[in-house]
Amino acid sequence: MILLTRKAEFSSAHYYWNEAWTEAENLRVFGRCANKNGHGHNYTLEVTVAGEVDSVSGFVVDLKELKEILEREVVSVYDHRHLNLEVPEFAAGTGNIPTTENIAIAIWRRLEGKIPHAKLHRARVYEMDDLFADYYGER
Amino acid sequence: MAVGVATSTGPKAYLSRRYRVSASHRLHSEAYSAEENLAVYGKCNNPHGHGHNYAVEVTLGGRLNAETGMVCDLGELDEFARIHLIERFDGMNLNTLDEFRDVVPTTENFTAEVYRIFQGFRGALVVRVRIEETGNNSFEIGDEFGRG
């Protein structure tokens, strides 16, 4: 078994807001992240897949194909978008706040079952160099 | 329901935060002779010590709080790290601290100490600590969650 990791980047806006709370509660818990005009990050996504090396190609997955899948399923949907306003899994009413943890989970769900010949192993999302979230598909 | 008291019922995820700690140390064991210390530790045995910009990566694991979508309150974690990691070790000579009175302040032992300290964080379970001593060396202790 070999693990293989492909990186992709997207730049998005978001804010943190729990619709069940008052404005004061949101500001107290989320602080500056609750600014409803949004703020943004350059996110880095690292997707790790696990699989066996194909005896002919020598690949676990075709990296070109993996790159295209990340582009189609994630980057084209998230990049230069406002996650709360333009990405369905974080839309108002879902109760799904676009925290780094929830973004990693959402990306896992977007990719699950879409990568041929390999098993999705980890979705890692860096919000900044010093903060990142990992999701391994645990429920 | 008061804010923040919801049970953590979401999926299980991991959050990692990196902190910077600059400190000096000298690798030297009283159990060795001067020659043995030099043979084992090489330039790290320099009597005057040397230092590193350590990057301390702390990983917390747990079910997401359904109200916040987070593993833990980052502000609480940063405050814990400020008090128990940064103020304790940043700008210090590790050899002068009680924690390293009886053990050599290798980065292995430093990592074990930081892991022990973060077990005292109540906001979420600290499952791993990884310390980069330089860009070439890193040390980690904790669960190999989800790997392999």
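This is a predicted model: local features need pLDDT of at least 70, side-chain atom pairs count only at pLDDT 80 or more; totals for chains, interfaces and linings use all residues.
**Cores and a bent helix**

Trainee: Which residues does Val56(B) touch, not counting residues up to four places away in sequence?

Mentor: Residues are numbered from 1 along each chain as its sequence is written, while chains are lettered from A and ligands numbered from 1 in the order in which they are written. Contact requires C-beta atoms, placed from the backbone, within 7 Å. On that basis, Val56(B) touches Arg18(B), Tyr19(B), Val21(B), Leu85(B), Val114(B), Val129(B) and Ile131(B).

Trainee: Which residues of the largest nonpolar core touch the most other members?

Mentor: A nonpolar core joins buried Ala, Val, Leu, Ile, Met, Phe, Trp, Tyr and Cys residues through C-beta atoms within 7 Å. Buried means 20 or more other C-beta atoms within 10 Å of a residue's own. Of the 55 residues in this core, those touching the most other members are Ala104(A), Ile107(A), Val125(A), Ala13(B), Val56(B) and Val71(B).

Trainee: At which residue does helix H2 of chain B bend?

Mentor: Helices (H or I, at least four residues) and strands (E, at least two) are DSSP runs, numbered from the N terminus. H2(B) covers residues 74-89, and Leu77(B), Ala81(B), Leu85(B) and Phe89(B) are buried in it. The bend is the angle between axes fitted to the seven residues ending at a residue and the seven starting there. In H2(B) it is about 40°, at Arg82(B).

Methods:
A residue is buried if 20 or more other C-beta atoms lie within 10 Å of its own, exposed if 12 or fewer, and partly exposed in between; C-beta atoms are placed from the backbone. Two residues are in contact if their C-beta atoms, placed from the backbone, lie within 7 Å.
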